[in-house]
Amino acid sequence: MGWLVRWWNDPWRPPRIMRWVTILYLVWSLAPVLVAILFSFNNGKSRTTWQGFSFRWYWGDPNLSVWNDTSMHTALVHTLVLGVVSTVIAVPLGVLFALGIDRWHGRLPAGANFTMLLSFVIPEMLLAVALLFLLTSVTTPLQLGTSAQVVGLVTFQLSYPVIIVRARLLTIGKHYEEAAIDLGASQVGAIRRVLLPMLGPAMLASAVLVFADVIDDFVIVRYLSGGSDTEPVSVKIYNTARAAPTPALNALATLLLFSSIAAVVIGYLIYRWLTRGDATANKGIGGFAGEL
Amino acid sequence: MLKKAGRKSRGRRSLLWPALAIPGIVWLALLFILPMYVVLAIVFGQQDPIFRNAIPVWNPLQWNSAQFQYVFSNIFGANAIYGPAILRTIVFVLIASCLCLIVAYPVAYFTARLAGRWKGVLLIMLIAPFWISYMMRMLAWVNLLQNDGLINKGLSLGGLFNVQVDWLDGMPLTVILGLVYGYVPYMILPLFAGLDRIPQSSLEAARDLGAGRFSAFVRVTWRLSQPAVIASVLITCLPMLGDYYTNDMLSAQPSTSMVGNLINNTVLTPGQTGQAGAFVVLVLAAALLPMLWYVRSTRDEGARS
C-alpha cells in the first residue's frame, strides 16, 4: 500500500483520469460512425449482422444500390450542387463584406457587423422557418427548391468567411497595404495585389468550411426544398432512417462523408501550394487547421 | 465608382469600403432582417376563414394578438397541451448541456495541456465529427440502438440474457444522450481554445505558492476558463433549442417532443402556421439574451487580441 500513498501524495502526479476520459470520448464519438461505414459494405440486407464484404449497396445491387436507385443518386448530386453553388456565392460576398465593414467606420457598418454575428448564433430552425414564411407569403423571384435553398444556405453561412477573414485582417494589420500605397499603388490595386493574396489561406479555409457545412445542412434545406427531387442526402437519411432502410442508406451517408474529406484534402493541398514561398507559414496540417 | 473611390482613397470619406460592404448588408437586410419581420406579421396577422392559411398583416398598428393568446393559453392555461413540451425542452437542454460540459472539459483540458506530441492528432480527431453529417451520426446510433442492434446484442452477452430494450421508442435517456452526442464536439473546440490560452506559468505559480492541485484548478484554471465555458455552453444550447430531428430520429414519440417538434409539426399544417410563428417568436425571445451575450463576449475577445 506504500506506493499507493506515495503516488497519491506526489504533488506533480499527472491527472490520469483526463487521459481516460479523452480516450473513452474518442471511442464513443467515432466508433458508431465507423460501424455505420462498415455496414455500408455488408453483403446482406442487415445493418446489424455482418454477412461478408461487398460493394452491393454502392453499385452492385440492380435496384437498391446508391448508383441504381434514382432517388439516392439524385439526392447526392443535388447535395454537391448546393455545396458548390452556395460556397461560390457565400465566400466572395463574405470576403467583400468583411473588408468593407473592417475599414468603414460608422453606425451602419457597426449594425451590419452586429446583424452578421446574430446570424451566426441564431438557432438555425428559427432562420429556416422565417425564410419559409418569407417565401410563402411574399412574392419573390425565388421558388421553393434549389434557388431558395441556395439563398437560405448563403444567409446562414455568410458569417463564416466574414469572421475568419476579419480575424486574419486583424493579424495582418495595415502596414503592407500602406507600404503598397506609398509605393504608388491605388487603394484598389493595394487590395488586389497585396491584401487579397495575403488573405488567400483564410478565404480557402472558409470555402472548405462553408462547403462541408452546406453539404451536411439539414434544417434549412428541408424547409426550403420544393419536393422530392430537391431533397439532399441529409433529408433522405431523415426520411428513411426509421423506415427499415437497407445498408444503401449507410452507403449514401458514407459517400457524403467522403465528399467532406475530399474537400478538406483538396483544401489542404491548395493551402500547401498557396504558402509554398512563405517560410513563416506553418505547412503542416496543423497550420491549415489553425486557419479553420 | 471604384475608380473614383480609388482616386479619393486617402480621403476620410472613401466610397470604396461602403461599396464593398453594401452587397452583404443588402443581403442580410433582405434575407435575415426582413424574414424576421414577416414572422411577426404572420403571428400577429389574420387567417383566411375558408382556406385557413395565414394572411400577413404588414402594418404593426393593425396587429392582433389572438394567435399569441391562443398559444399562451395552451402553454400556461388549464388545458396546457403545449406546456409539457416547453418544460421538457428546458429540462432536456439543461441536462444535456451539463453532461456536455462534464465530457468536454476534461477532453479539452487534456488536449490543451497534457497531450504533448499527440496534440495535433488529437485535434484532428476532435474536429472529425464536424466533417460527418449530423444525420449520419444519428443514423449510426439508430443502427446501434435498434431492437436487434449491437447495443442490445452486447447487453445480452451473446444470447446469455434476453435483453429487449426499446431504445428508440420514446426514451428520454436516449434523446438526452443523443443531444449530448450531437452537440458535444461544438463545445470542445471553444473550450480547447480557451484552455490553450491559459499560460502554464500561472498554474505553476499557484502551485509554488502552496496551492494544492485541487485549489490550483479551482482558483486559477477554472476561473480563467470561465469566459470560454460560458461561450461554449451558449454555442451548444442555442441550436438545441431549435432541435427536432434528434428527437424524430431517436424517439419519434410525442412523449419526448420538445419545442422544436412543436414548430416542426405546426409549420406545414394549414391553419397552424400562426402557431408555428408564435413558437418561433417564443424561442427567439428566450434565445435573444444568450445570443446577445455571446455576440458581446466574442466582440470583447476581438478587441482584446
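1. Chain B contains 14 helices and two strands, where helices (H or I, at least four residues) and strands (E, at least two) are DSSP runs numbered from the N terminus. The radius of gyration of chain B, taken over C-alpha atoms, is 25 Å, well over the 19 Å that the globule rule gives for 305 residues, so chain B is more spread out than a compact globule. The globule rule is 2.2 Å times the number of residues to the power 0.38. Along the principal axes, the C-alpha atoms of chain B fill a box of roughly 80 × 70 × 35 Å.

2. This is a predicted model, in which local features need pLDDT of at least 70 and side-chain atom pairs count only at pLDDT 80 or more, while totals for chains, interfaces and linings use all residues. Residues are numbered from 1 along each chain as its sequence is written, and chains are lettered from A and ligands numbered from 1 in the order in which they are written.

3. On confidence, the average pLDDT of chain A (the predictor's confidence in each residue, from 0 to 100) is 85, and 93% of the residues score at least 70. Among the elements of chain A, the highest mean pLDDT, 93, belongs to helix α7 (residues 146-157), and the lowest, 58, to helix α14 (residues 285-291).

4. The interface between the chains joins 78 residues of chain B to 72 residues of chain A; two residues are in contact if their C-beta atoms, placed from the backbone, lie within 7 Å. On the chain B side, helix α2 (residues 16-43) supplies the largest share, 19 residues. That side of chain B divides into 61 nonpolar, 14 polar and three charged residues. Here Ala, Val, Leu, Ile, Met, Phe, Trp, Tyr, Cys and Pro count as nonpolar, Asp, Glu, Lys and Arg as charged, and the others, Gly among them, as polar.

5. Chain A is assigned domain 1 (2-56) and domain 2 (70-291), with bounds from an automatic or database domain assignment. The centres of these two domains of chain A, taken over C-alpha atoms, are 32 Å apart. Seven residues of domain 1 of chain A are in contact with six residues of domain 2 of chain A.

6. Within chain B, 43% of the 305 residues count as buried. A residue is buried if 20 or more other C-beta atoms lie within 10 Å of its own, exposed if 12 or fewer, and partly exposed in between, with C-beta atoms placed from the backbone.

7. B:A252 has a positive phi, near 55°, in a residue other than glycine. Most residues other than glycine have a negative phi. B:A252 lies in the loop between α12 (245-250) and α13 (259-267) of chain B, and is partly exposed, with 15 other C-beta atoms within 10 Å.
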